[in-house]
Amino acid sequence: MKYVFACCTDRGTGRKNNQDSLLLKQAVCQDKQILLAMVCDGMGGLKRGEVASAAVVRSFSEWFETGLPELLKSPVRETEILHSWDRLLQNVNRKIEAYGKRCHFQLGTTVTAMLFAEKKYYVLHVGDSRIYEIRRRIRQLTRDQTLVQREVECGLLTRDEAERDERRNVLLQCVGASEEVRPVCKKGVLHKDTVYMLCCDGFRHMISEKEMQKRLRPSVMKKEMEMERRLTDLIRLNRDRGERDDISVIAVRT
């Protein structure tokens, strides 16, 4: 399966520096196209969120270049990829936590990654960045690990109330600031002529899922330049509507 992809990031209107880190890498392994996409949203409420997000991206970039080829040398069970991700994330979590203790401050990041491999995808998720699948409809593939999402599931808040709630950015866990991290790891089937979008929370606060689906539908996302233009337009729309947080997005069309 061939992929068309693009990414964009912006520091929003209220930040001095961008604390998000993105990863988008493609390779050919055993004549198969493989793509890794990742969005890490450094915690703005903590110090040096950009250090935490960059550390996670660097670790997964190294895994893609060295760890994944080793896995693919022999028949790979699907769970082996997810298990290797979990071990990698636990290791980088300990390193970031130790760095924070040495420097006497706390830092952390969300992590949302998606590996595209032939007709399958693999997802790793911690925090409130999201993955969407856009076809004729838009579908969220990840679940926010936030206080308000938990209250929605308990029937204490409606979804609309959660979007306006002042606590919407309170995470239940993140990499670096949580002593123990329990990522959600899952796999699924890739659909052809589909757009998969990874984004941080700053990308989706000011625009609706309906707007995302309309502007990023697969029929108009066939070339990289057009894809970049549409992602940039959505970032600009977020800024125009007053988004102060970092704004980052990756789109992959199958």
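Start with Q173: a polar atom of its side chain sits 2.8 Å from the backbone oxygen of R182. The side chain of Q173 also makes a polar contact of 2.9 Å with the side chain of Q145. Keep in mind that this is a predicted model.

**Around Q173**
- You'll find Q173 in the loop that runs between helix 4 and strand 8 (184-189).
- Q173 counts as buried because its relative accessible area is 12%, under the 20% cut-off.
- Setting aside neighbours within four places in sequence, Q173 is in contact with V126, G127, Q145, S178, E180, V181, R182 and P183.

- In soluble globular proteins, nonpolar side chains tend to be buried together.
- Here, the largest nonpolar core has 34 residues, and W63, W85 and L115 have the most contacts inside it.
- Two or more residues of this core come from each of strand 2 (20-29), strand 3 (32-41), helix 1 (49-72), helix 2 (78-103), strand 4 (111-117) and strand 5 (120-126).
- Helix 1 gives the largest share of this core, with ten residues.
- Another core, of 21 residues, lies apart from that one, and A6, Y132, L216 and V220 are among its members.

**The second largest pocket**
- The second largest pocket holds about 220 Å³ of space.
- It is lined by 15 residues, and R130, D144, Q149, A162 and E163 are the closest to its centre.
- Helix 3 (147-153) and helix 4 (159-164) each provide at least two of the lining residues.
- Sorted by type, the lining of this pocket has seven charged, five polar and three nonpolar residues.

Notes: Residues numbered from 1 in each chain as written. Predicted model: local features only at pLDDT ≥ 70, side-chain atom pairs only at ≥ 80, totals over all residues. Heavy atoms only, no water. 1 Å grid on protein atoms, 1.4 Å probe; cavity = no way out; pocket = protein on both sides within 12 Å on 5 of 7 lines; lining within 4 Å. Points joined across faces, edges and corners; volume = space filled by probe spheres on them. Helix = DSSP H or I, 4+ residues; strand = E, 2+ residues; numbered from the N terminus. Nonpolar A, V, L, I, M, F, W, Y, C, P; charged D, E, K, R; others polar. Core = buried A, V, L, I, M, F, W, Y, C linked by side-chain atoms within 4.5 Å. Buried < 20%, exposed > 50% of the residue type's maximum accessible area, 1.4 Å probe, protein only. Polar contact = N/O pair within 3.5 Å; in protein donor to acceptor, adjacent residues only side chain to side chain. Contact = heavy atoms within 4.5 Å.
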